[in-house]
Amino acid sequence: MIEVKNVTKKYGTTIAVDNISFTVNDGEVVGFLGPNGAGKSTTMNMITGFIEPTKGQIIINGNDISKKPRKAKKEIGYMPENVPLYYELTTKEFISYMAELKMVKRNERKQKVEEVIKEMGLEEVKNKLIRNLSRGYKQRVSLAGALIGSPDVIILDEPTVGLDPKQITEIRNLIKELGKKHTVILSTHILSEVSQICEKVIIINKGKIIAVDTPENLERMTKEQNGISLIVEDPKNKMDKLKDKIKEIQNIEFIKDNEDGTKQYIITTNSDIDLRKKLFEILPKEEIVIFELKKTETTLEDAFIKLIDTTKQPSEEENKKSKKKSKKQQTEEKTKNENNNINKEIKTVKEDKKEEKK
Amino acid sequence: MWSIYKKELKTYFLSPIGYIAIGIFMIMYSIFFYLTTITYGSVDTGNLYYATARYGLLLMIPLLTMRMFSEERKSGTEQLLLTSPRSVTSIVLGKFFAAVTVILITLVLSIIYAVIISFFGTVNVPTLLVTMLGFLLVAMAAISIGMLASSITENQIIAAIITIIALVAPWFLVDISSIFTSIDLIDKFMKFPYGLISIADTVGLISITVMCILITIVLIKRRKAVK
């Protein structure tokens, strides 16, 4: 179990990580999401004891990483961001060295090294110099280094960057497999990866945690409207008047004319209304022929962008509170925030104009 | 410490660095062997070690120490070391003793020359051993200085230059003030070739070594908090 309590990291005056707290339970696979420079790597480096937090506590399986580093670090396998390796060693030598560093018992060492080599599919290259390996193999060697000694906690900083699609699926499956026995934290900015592998997502932006939840909940939470994508043949241009016929419709947006004479629209409604049935009934009466009708899915991507964009990020505590509030209140708050942003923008534009006049 | 020591020593001989360092020693030693021993027919070995220490170490030590921490930092492997359960002290000592071992190997090889001399005259074995001890102590102090230099920069070349300056500067600074003799390693080596173990010099060399190792450890620990 990993407990991060009120951790802050400052570099001079800039705050890289700002008072974050979260826990990761045993056997959880947690995704760490955030734009570049959000503080993902810094947080991971602090959890692994590579750098020390300015304030706060990090506890790994009951051991404080700053006070009992030896015990705490024994429980961690870490694959750093840029895949650092000793290029002058062979794969096997490197993994054995990592095993020694991790204090794997002497009599078990050989066997465990062989196990990891097999598990990671490195047998072909085990006697090759790491210098001569391809990127994908290097990544796997690095991962093998993190897995040796089967630590309880595995921390992977962007494990799939620079791999080809086949290798990516391999590594993902492997991580899923790992999640059964170990606690895994991985950082990434590939969102589909998170929704595939992770049970929990921590979204971090500008050093602050802005959401902790399951990927599904995040998608649901940020969904304010239902969207229906519609492709129709509409010779009499009756689509414009549809809004009068069906009052639940908030907006009808024309997307494009298709080559075959059909038109594409997106119809939006409140999130609690599903109009698909009604559309099927009413459109034929209006002499509109439906070619295609489907619900637009909100993805984690939308959720992510929405959460990052709300510049007034609530801190974690506020976030927890706001979860308890009803969805309506949340949406109200969000529109308020957005309004504020717009106001701010207008102000800045005005100021700019004033300056220009001067 | 042992695992880091083993790996570092192996790395010295997987790359050409270990061989080059030993080669430099042998070339220097051979040149002085020719210039003094053969030319004058002397049986004095002390002079050979003194000259090699003065000029050979200037090249050998930066070679051995410049990569120690600079490269780990640059390539990021530092992260692997510092996130392992090993303490900073054991990492620093492991690296230090690996470099010392290379020096020990050269000293063992240098015995060949004493054997050659012994065919033509008598070698004063106790003096030879004392000289070698002195050489080792000087080399250890120089390694610790080089290690410290390597821990403060990511750039190997800068680390090497700092090391060379730290070794050479005291020779000239002595002209400004006699205080600088206390950091002149070669000055502390003067008495060993005569078979004398001077307590002051021995303690001086050992304190420089210990001090530099301690500063290196503190610096690396400190960087964890600042970085």
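## The nonpolar cores

A nonpolar core is a set of buried Ala, Val, Leu, Ile, Met, Phe, Trp, Tyr and Cys residues joined through C-beta atoms within 7 Å. Here a residue is buried if 20 or more other C-beta atoms, placed from the backbone, lie within 10 Å of its own. What you are looking at is a predicted model, in which local features need pLDDT of at least 70 and side-chain atom pairs count only at pLDDT 80 or more, while totals for chains, interfaces and linings use all residues. Residues are numbered from 1 along each chain as its sequence is written, and chains are lettered from A in the order in which they are written.

The largest nonpolar core has 129 residues, and A144(A), V138(B) and A142(B) have the most contacts inside it. Helix α7 (residues 125–152) of chain B gives this core its largest share, 14 residues; helices and strands are DSSP runs (H or I, at least four residues, for helices; E, at least two, for strands), numbered from the N terminus. Another core lies apart from it, with seven residues, among them L230(A) and L279(A).

Which residues does V138(B) touch, beyond its neighbours within four places in sequence? They are A53(B), L57(B), L185(B), K188(B), F189(B) and L205(B), where contact means C-beta atoms, placed from the backbone, within 7 Å.

## Helix α2 of chain B and its partners

The axes of α2 (residues 17–40) and α3 (residues 46–65) of chain B come within 9 Å and cross at roughly 160°. Axes are lines fitted to C-alpha atoms over the stretch in contact, and angles run from 0 to 180 degrees between N-to-C directions. α2(B) and α3(B) are therefore roughly antiparallel (over 145 degrees; under 35 is roughly parallel). Their contact has 16 nonpolar, five polar and no charged residues, counting Ala, Val, Leu, Ile, Met, Phe, Trp, Tyr, Cys and Pro as nonpolar, Asp, Glu, Lys and Arg as charged, and the others as polar.

α2(B) also packs with helix α6 (residues 88–120) of chain B, at about 30° and with axes 10 Å apart, so α2(B) and α6(B) are roughly parallel. Among the residues that meet are F25(B) and Y29(B) in α2(B) and L109(B) and Y113(B) in α6(B). By class, this contact has 11 nonpolar, four polar and no charged residues.

## Where the chains meet

How many residues of chain A are in contact with chain B? There are 22, and they touch 18 residues of chain B. On the chain A side, α2 (69–74), β6 (76–79) and α3 (91–101) each supply at least two residues. That side divides into 11 nonpolar, four polar and seven charged residues.

Conventions: Parallel < 35°, antiparallel > 145°, perpendicular 65-115°, else oblique. Contact = placed C-beta atoms within 7 Å. Buried ≥ 20, exposed ≤ 12 C-beta atoms within 10 Å, placed from the backbone.
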